Amino acid sequence: MSLDKDLQCREIYTKAVCGKGRKFSQVTNTVTPPHAPTSILGAWIINNQYDAVKSGENVEVVGTYDINIWYSYDRNTKTDVAKETVSYVEVVPLHYLDKNHKPSTAEVAAVATQEPNCVEASISSHGDNVMIRVEREFKVEMFAETKVCVVVCPNGCDEYDDKHVDFGGVDEGDFEDLDPDLLDEELN
């Protein structure tokens, strides 16, 4: 039986996830069609493109998307589609941050967990603009070199090659009803 004083440790540098964050936001964009709209027939967002940039203890998601508005004008006698490209910067704070990472090795990545989506389109009170309410959500991660400490087996790994590990009679069927997606969400 090993005692704590018999443990040997090593420090290892490795690249790991050293920061995580997530941000949901709602913004309102204004589009001015070439004709004063009578009614909104449809509004959608396409071509979302973005990149992630490290900014202090935050990650900035810098991107663009196209807003398309199908509307009627001239007292509902004609229709047209107005298109406008919108630029945005979403600052996502890193809620988890390993302070021991090497900053010079940091890289960031972003994933749109909810693509920008139009949830409401309305004609402004002046009657010449369309107000588009947009929801979006991003999840970001920062990868960097960091130091981890591992316990080392003094006699190498050979002494464990022929060993069978018993996990205390856990029945393999106990886990078949678990939803793996739910578990992943809890870890994030």
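Modeller: Let's start with a rule: a charge sits over a ring if NZ of Lys or CZ of Arg is within 6 Å of the ring centre and within 35 degrees of the ring normal. Keep in mind that this is a predicted model, where local features need pLDDT of at least 70, side-chain atom pairs count only at pLDDT 80 or more, and totals for chains, interfaces and linings use all residues. Residues are numbered from 1 along each chain as its sequence is written, and side-chain values use heavy atoms, with hydrogens and water left out.

Biologist: Which residue lies over the face of Tyr88, and at what distance from the ring centre?

Modeller: Arg136, at 4.5 Å from the ring centre of Tyr88. Lys102 does the like over the face of Tyr13, at 5.8 Å.

Biologist: What makes Tyr65 and Tyr88 a tilted pair?

Modeller: Rings of Phe, Tyr and Trp (its six-membered ring) pair if their centres lie within 6.5 Å; planes under 30 degrees apart count as stacked, over 60 as edge-to-face and the rest as tilted. The centres of Tyr65 and Tyr88 are 5.4 Å apart and the planes stand at 35°, so this pair is tilted. The structure holds 4 aromatic pairs. Tyr50, Tyr65, Tyr88 and Phe138 form one aromatic cluster.

Biologist: Why is the Tyr65 and Tyr88 pair said to tie together parts that are 23 residues apart in sequence?

Modeller: Because Tyr65 lies in strand 3 (residues 58–73) and Tyr88 in strand 4 (residues 78–93). Strands (E, at least two residues) and helices (H or I, at least four) are DSSP runs, numbered from the N terminus.

Biologist: Are Tyr65 and Tyr88 buried or exposed?

Modeller: Buried means under 20% relative accessible area, exposed over 50%, and partly exposed in between (1.4 Å probe, protein chains only). Tyr65 comes out at 0% and is buried. Tyr88 has 6%, so Tyr88 is buried too. Over the 188 residues of the protein, 27% count as buried.

Biologist: How do you know that strand 3 and strand 4 pair?

Modeller: Two strands pair if DSSP finds at least two bridges between them. Strand 3 and strand 4 have 16 bridges, in the antiparallel sense. Within that pairing, Val61 stands opposite Glu90 in strand 4. Both strands belong to an open sheet of 3 strands with the order 2-3-4.

Biologist: Why are strand 2 and strand 4 called edge strands?

Modeller: Strand 2 (37–55) and strand 4 each pair on one side only.

Biologist: What is the order of the other open sheet, with 4 strands?

Modeller: That order is 5-1-7-6, with antiparallel pairing. Its edge strands are strand 5 (96–97) and strand 6. Strand 6 and strand 7 (residues 130–152) pair over 13 bridges, and Gln114 stands opposite Glu137 in strand 7. These two strands form a hairpin with 6 residues between them, and Gly127 in the turn has a positive phi of about 90°.

Biologist: Why is Ala109 called partly exposed?

Modeller: Ala109 is at 33% relative accessibility, so the label is partly exposed. Ala109 is found in strand 6 (residues 107–123). Beyond its neighbours within four places in sequence, Ala109 is in contact (heavy atoms within 4.5 Å) with Ala52, Lys139, Val140, Glu141 and Phe143.

Biologist: What about Tyr73: buried or exposed?

Modeller: Buried, because the relative accessibility of Tyr73 is 14%. Tyr73 lies in strand 3. Leaving aside neighbours within four places, its contacts include His35, Ala36 and Pro37. Tyr73 and Ala36 are 37 residues apart in sequence, yet 6.2 Å apart in space, C-alpha to C-alpha.

Biologist: Where is confidence lowest, and where is it highest?

Modeller: pLDDT is the predictor's confidence in each residue, from 0 to 100. Helix 1 (residues 180–187) is lowest at a mean of 51, while strand 3 is highest at 98. The mean for the protein is 87, and 80% of its residues reach 70 or more. Where pLDDT is low, the predicted coordinates should not be read in detail.
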